[in-house]
Amino acid sequence: GPPERQRWAFPPGDTINTRSPRPVLAEDRIYIPDSRSLFTVDRRTGRRLAETGWDAGQPGNLLIGDGMMFALQHQKLSGYFEWEKLVARARARLAADPDDLGSVLNLAVLLEKRGISEWQDGRTKSAHEHLRQARAVLEEFAQGGLEETHHAVRSQLHSILRGESRILKDL
């Protein structure tokens with residue numbers, strides 16, 4: 001049945017801004033957005049696991065997935081990604097089936113998006129490396145020649161090469 005008494009409260013002895021978006025309950029954590037920070041709390045103990053400041057200074061209603069979090073504000077949607085986790089999972093899927101077009105494209109797109117994100121944050125060398133990796137994934141898949149390669153691979157390769165050219169002018 002339901003619990004009969006309160007086991008913990010967060011934050012103890014304080015209140016969270018009542019105009020903040022609603023908390024999100026995950027499997028083992030609760031994510032509590034506040035006007036200044038996002039608090040991550042252990043669901044069973046109420047212990048604070050992390051406090052992360054908001055980039056834009058504005059919280060939003062949250063949607064949390066495996067390796068992703070989105071915050072929806074009045075006129076803005078922000079995405080936060082655990083790139084290492086997402087890329088590692090995509091690499092594992094591709095390693096399990098190297099001939100799977102979906103896995104090839106998924107990894108290439110993730111690497112490209114990560115590279116563009118890094119470039120937008122001013123990390124040009126890192127951005128170039130991620131785009132180089134994305135290109136390498138597609139080129140390896142297209143070893144038989146681009147003429148015979150699926151049009152989605154050629155299209156994605158074109159997008160990556162355009163991104164690389166924008167980044168190279170900043171190096």
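## Ground rules

Because this is a predicted model, local features need pLDDT of at least 70 and side-chain atom pairs count only at pLDDT 80 or more, while totals for chains, interfaces and linings use all residues. Residues are numbered from 1 along each chain as its sequence is written, and side-chain values use heavy atoms, with hydrogens and water left out.

## The overall layout

The protein chain has four helices and seven strands. Here helices (H or I, at least four residues) and strands (E, at least two) are DSSP runs, numbered from the N terminus. Follow the sequence and you get the pattern β-β-β-β-β-β-β-α-α-α-α.

The chain has 171 residues, and 36% of them count as buried. Buried means under 20% relative accessible area, exposed means over 50%, and partly exposed is in between (1.4 Å probe, protein chains only). As for contacts (heavy atoms within 4.5 Å), take those with a separation of 6 or more: 37% of them join residues 24 or more positions apart.

The buried residues of helix 1 are Trp-83, Leu-86, Val-87, Ala-90 and Leu-94. Seen down the axis, the buried residues of helix 1 fall within an arc of 95 degrees, so they line one face of the helix. That arc is taken from the directions from the helix axis to the C-beta atoms. On the face turned away from the buried side sit the exposed residues Glu-84, Ala-95 and Ala-96. The buried residues of helix 1 pack against strand 6, strand 7, helix 2 and helix 3.

## Helices 2 and 3

Helix 2 runs to 20 residues and reaches 28 Å from its first C-alpha to its last, close to the 28 Å expected. Its buried residues include Val-104, Leu-107, Leu-111 and Ile-116, along with Glu-112, Arg-114 and Glu-118. The buried residues of helix 2 pack against helix 1, helix 3 and helix 4. Just after helix 2 comes Gly-122, with a positive phi of about 85 degrees.

Helix 3 (residues 124–141) has 18 residues and reaches 26 Å between its first and last C-alpha, close to the 26 Å expected. Among its buried residues are Ala-127, His-128, His-130, Leu-131, Ala-134 and Leu-138. The buried residues of helix 3 pack against helix 1 (83–96), helix 2 (101–120) and helix 4 (151–168).

## The largest pocket

The largest pocket holds about 410 Å³ of space. On a 1 Å grid over the protein atoms alone, a pocket is an open set of points where a 1.4 Å probe fits, with protein on both sides within 12 Å along at least five of seven lines; lining residues have an atom within 4 Å of a point. Grid points are joined across faces, edges and corners, and the volume is the space filled by probe spheres set on the points.

Which residues of the lining lie nearest the centre of the largest pocket? Of the 19 residues that line it, those are Tyr-31, Leu-38, Met-69, Tyr-80 and Glu-82. Strand 4 gives the most, with three. The lining divides into nine nonpolar, five polar and five charged residues.

Gln-156 sits in helix 4 and counts as buried at 13% relative accessibility. Not counting residues up to four places away in sequence, Gln-156 touches Leu-105, Ala-108, Val-109, Glu-112 and Leu-138. His-128, in helix 3, is in contact with Glu-164, Ile-167, Leu-168 and Leu-171, leaving aside neighbours within four places. The C-alpha atoms of His-128 and Leu-171 are 8.8 Å apart, though 43 residues separate the two in sequence.

Is Arg-36 buried or exposed? Arg-36 is exposed, with a relative accessible area of 61%, and lies in the loop between strand 2 and strand 3. Leaving aside neighbours within four places in sequence, Arg-36 is in contact with Thr-52, Gly-53 and Trp-54.

How values were computed:
Nonpolar A, V, L, I, M, F, W, Y, C, P; charged D, E, K, R; others polar. Expected span 1.5 Å × (residues − 1).
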